Amino acid sequence: MYTPIAQDADVRCTSRGPPCVAGPSMEAGPVESLSVVYQSQDFLVVNKHWDLRIDSRMWRETPTLQKQLRLRFPELADPDTYYGFRFCHQLDFSTSGALCVALNKAAAGSAYKCFKERRVTKAYLALVRGHVQESRMTINYAIGRNSTEGRAHTMCIEGTQGCENPKPSVTELVVLEHGLYAGDPVSKVLLQPLTGRTHQLRVHCSALSHPVVGDLTYGQASGREDQPFRMMLHAFYLRIPTHTECVEACTPDPFVPTLDACWSPHTLVRSLDQLVQVLRAAPDPEPAEGSPGPCSTPTPSTRPPETEAQRASCLQWLSEWTLEPDN
């Protein structure tokens with residue numbers, strides 16, 4: 001179902017020594033490099049590089065995923081769209097991992113419906129500061145826009161000064177390993193967002209006082225955030241159960257000592273392979289209108305039919321395709 005990527009990173013450091021040294025392979029992804037982990041007639045799932053924009057209208061030349069796709073698949077670009085490709089969802093500029101691309105308008109519509117009905121399964125890997133003591137937890141902090149001066153375009157949890165229009169936000173966290181990153185205590189965790197707020201995982205981890213390693217926006221001001229060569233958040237697993245096709249992809253784990261010698265795990269809490277099996281075996285939420293999906297066998301739904309306003313919103317979403325990362 002998926003194709004592993006080449007893992008040739010060269011990163012070295014010493015515990016409590018000088019900052020980690022990143023080799024040339026740790027630079028932001030060039031336009032020529034694109035890893036595809038799932039491909040069908042209607043969809044692509046790519047393993048997005050960290051520090052890479054999905055698309056951009058900036059006047060200056062900048063590497064983007066859209067340019068990588070045009071170079072690799074010029075025959076798949078759709079001239080009727082602004083960027084040539086329909087991105088089904090977003091990943092932050094600093095986040096790597098699985099990103100789904102619809103190759104036609106009908107496929108985009110079916111993916112949109114899955115996201116709207118919250119039938120998509122997503123799981124992320126992260127390295128977070130400190131040793132998380134509970135092996136499993138549900139993070140339930142409402143998230144809103146931060147209106148504080150100097151914090152524009154950032155989010156915050158309800159109760160924070162300047163938090164506007166907080167909305168319910170839920171994340172499941174499972175601890176995989178405890179260890180050290182450049183000598184500092186760090187936990188490797190699997191994060192599953194059950195809602196889709198902007199910067200949700202980063203805000204929730206920060207609210208627990210376990211910010212994502214390398215997160216310069218929500219990380220703690222410790223003076224050591226200049227050491228990681230990237231933000232340690234990766235979209236690891238994705239499943240979109242459209243009515244015609246189960247789009248499912250699992251990307252390689254980037255947070256292993258062979259790729260980054262600064263990361264030194266010493267205690268295994270939960271096997272990642274076991275959690276992948278659980279993710280794959282989990283039933284999908286039933287679709288609206290009782291239409292059967294390819295990933296599971298659902299029962300008929302009692303949800304009301306789509307309203308005209310919802311339909312208009314869907315059509316607008318399909319026509320624009322002007323997604324920009326939030327950071």
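Predicted model: local features only at pLDDT ≥ 70, side-chain atom pairs only at ≥ 80, totals over all residues.
Biologist: How many helices and strands does the protein chain have?

Modeller: The protein chain has five helices and 16 strands. These are DSSP runs, numbered from the N terminus: helices are H or I with at least four residues, and strands are E with at least two.

Biologist: What share of the residues is buried?

Modeller: Of the 327 residues in the protein chain, 50% are buried. Buried means under 20% relative accessible area, exposed means over 50%, and partly exposed lies in between, with a 1.4 Å probe and protein chains only.

Biologist: And what about the contacts and the surface?

Modeller: Among contacts with a separation of 6 or more, 67% are between residues 24 or more positions apart; a contact means heavy atoms within 4.5 Å. The accessible surface comes to about 15,600 Å², and carbon and sulfur atoms hold 51% of that surface. Accessible areas come from the Shrake-Rupley method with a 1.4 Å probe; for residues, only the protein chains shown count as cover.

Biologist: Let us turn to β14. Why is it described as largely enclosed?

Modeller: Strand β14 covers residues 233-241, and nine of its nine residues are buried, so the rest of the structure largely encloses it.

Biologist: Which strands does β14 pair with?

Modeller: Strand β6 (residues 96-102) runs parallel to β14 and is joined to it by two bridges. Strand β7 (residues 121-129) is antiparallel to β14, with six bridges, and strand β15 (residues 246-250) is also antiparallel to β14, with five bridges. Two strands pair if DSSP finds at least two bridges between them.

Biologist: Which residues are bridge partners there?

Modeller: Ser96 has His234 as its bridge partner in β14, and Ala123 has Tyr237. On the β15 side, Pro241 stands opposite Cys246.

Biologist: What joins β14 to β15?

Modeller: A hairpin does, through four residues.

Biologist: Which strand is β8 joined to?

Modeller: Five bridges join β8 to strand β12 (residues 170-181), and the two run antiparallel. Thr138 stands opposite Glu172 of β12.

Biologist: Changing topic, how covered is helix α3?

Modeller: Helix α3 (residues 200-207) is mostly covered, with six of its eight residues buried. Those are Gln200, Leu201, Arg202, Val203, His204 and Cys205. Ser209 follows α3 and has a positive phi, near 65 degrees.

Biologist: Which residues have a positive phi although they are not glycine?

Modeller: His199 is one of them, with a phi of about 60 degrees; Ala182 is another, at about 50 degrees. Ala182 is in the loop between β12 and β13 and is buried, with a relative accessible area of 5%.

Biologist: Finally, the arginines. What does the side chain of Arg86 contact?

Modeller: The side chain of Arg86 makes a polar contact with the side chain of Asp78, at 2.7 Å. A polar contact is a pair of N or O atoms within 3.5 Å; within protein, one must be able to donate a hydrogen and the other to accept it, and residues adjacent in sequence count only if both atoms are side-chain atoms. Arg86 lies in strand β5 (residues 86-87) and is buried, at 6% relative accessible area.

Biologist: Where does Arg53 lie?

Modeller: Arg53 lies over the face of Phe93, at 5.6 Å from the ring centre. A charge sits over a ring if NZ of Lys or CZ of Arg is within 6 Å of the ring centre and within 35 degrees of the ring normal.

Conventions
Residues numbered from 1 in each chain as written. Heavy atoms only, no water.
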